[in-house]
Amino acid sequence: MTAPVLSVHNVGKAYPTYRSSFHRVARWFGAPIQPAINRWAARGVSFEVRPGEAVGLIGQNGAGKSTALKLITGTVRPTEGTIGVNGRVSAILELGLGFNPDFTGRENVRNAGGLLGYSASQIEALTPGIEAFAELGDFFDQPLRVYSSGMQARLAFSLATASRPDLLIVDEVLSVGDTYFQHKSFDRIREFKEQGCAIILVSHGMADVRELCERVILMERGSVLRDGLPDEVIDYYNALIAEKESVNLSIQQKRRRDGWLESRSGSGEVAVSSIKLMDAETEHEVGVVRVGQQVKLRLEAKTTADVPRLVLGLMLRDRTGHIVWGTNTWHTEQVVTAIDGGSTIQFDISLKCDLGPGSYSISPALVSSATHLENNYEWIDNALVFEVQNPNLPFFLGTSYLEAKFTIDRK
């Protein structure tokens, strides 16, 4: 097995609080004074990252992600534990970190490049490529203070990826950039990954994490809560967010035989008793659907307690976890109200299957409003899985079928 680029073993970082400034200063000079309290920003963090592996690091604000990255990059020293890095690390942790607002983009490349360990000759050789990738035009020779946040992100990313590192860490900085540069940046990240560069991606954009990473680490209260496959960890994270709003919510996960992960969470006042996909005309249940076929989704929900308001949300995802479509009865103004305990409610939705060939899942959510954060009665990720085939229509690519026709005029 290939040796890891990064090894983090039982790492923790504490920020001590002293009873007085005198005690703090005395501690600096070696006096045996213990802090009144240690506030642990991270503790017991352990994981490894190997060459060519892309790892997503997710969690809510304050979960310890930024602290973990600062420990890895050496910005702060750990209070306990060990960190081993095998190779060169390039990190984009904060927008404008290491940049001087009075320097031009070119001057900041020279200055910050030196801080990254490049020699003057290396910086000189890399600068044309940095300038070309950033696409800042005349602004490359303007002071940084006139840059927008997106332009700063372009400069920071172009410098950090001027040459392929052994470990690249990207922390949310690309979220401030424009869509074009985000796509361009992720193409470079994928290219580095294919060449053996290890990636740590910190993002609140779960679609980016699903697409790029084959492993995800979930942090909570300064510790690693989950470390596993993207669908397992991301679906658990989504349920965890709802759990914070409910005192009786449980989270269960199981891997289906077809490889899809089913994640179930909720407080239980309402639960899905059945869900099936049917041919719209015959109402026979189907597991394989033709492109263009009219289908009907039927879901029955049972209540175990009186519910003042019930909303059904549906989310359609492809095999990679990307959301293809979604809506709920809040937005369609079909909220069901004043439901007695022990009742059964049937929801039918008819639609035309204008999807591309592949495997898809439907995730229902029984809630009380437009989101699952107020009352999450039951949320089931990938509750129903079906296949789409294209036996009759012309070949096409993608997840959506469009009735497109060429008009050719030969002159």
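Start your tour by selecting residues 149-160, which form helix α5. With twelve residues at 1.5 Å each, α5 should span 16 Å, and its end C-alpha atoms do sit 16 Å apart, so the two agree. Keep in mind as you click around that this is a predicted model.

Stay on α5 and ask: how many of its twelve residues are buried? Eleven are, so to speak, tucked away: the helix is mostly covered.

Next stop: strand β7, residues 198-202. Five of its five residues are buried.

Select β3 (residues 54-58), which pairs with β7 in the parallel sense over four bridges; look for A54 and its bridge partner I199. Then select β6 (residues 167-171), also parallel to β7, over five bridges. Here D171 stands opposite V202.

Last stop: an open sheet of three strands, in the order β12-β14-β18, with antiparallel pairing. β12 (270-279) and β18 (344-352) are at the edges with a single partner strand each, so one side of each has no neighbour in the sheet. Neighbouring strands here are turned by 15° against each other on average, ignoring direction. To finish, zoom in on β12 and β14 (residues 294-303), joined by nine bridges, and find V270 with its bridge partner T303.

Key: Residues are numbered from 1 along each chain as its sequence is written. This is a predicted model: local features need pLDDT of at least 70, side-chain atom pairs count only at pLDDT 80 or more; totals for chains, interfaces and linings use all residues. Side-chain values use heavy atoms; hydrogens and water are left out. Two strands pair if DSSP finds at least two bridges between them. Helices (H or I, at least four residues) and strands (E, at least two) are DSSP runs, numbered from the N terminus. Axes are lines fitted to C-alpha atoms, for helices over the stretch in contact, and angles run from 0 to 180 degrees between N-to-C directions. The expected span of a helix is 1.5 Å times one less than its number of residues. Buried means under 20% relative accessible area, exposed over 50%, partly exposed in between (1.4 Å probe, protein chains only).
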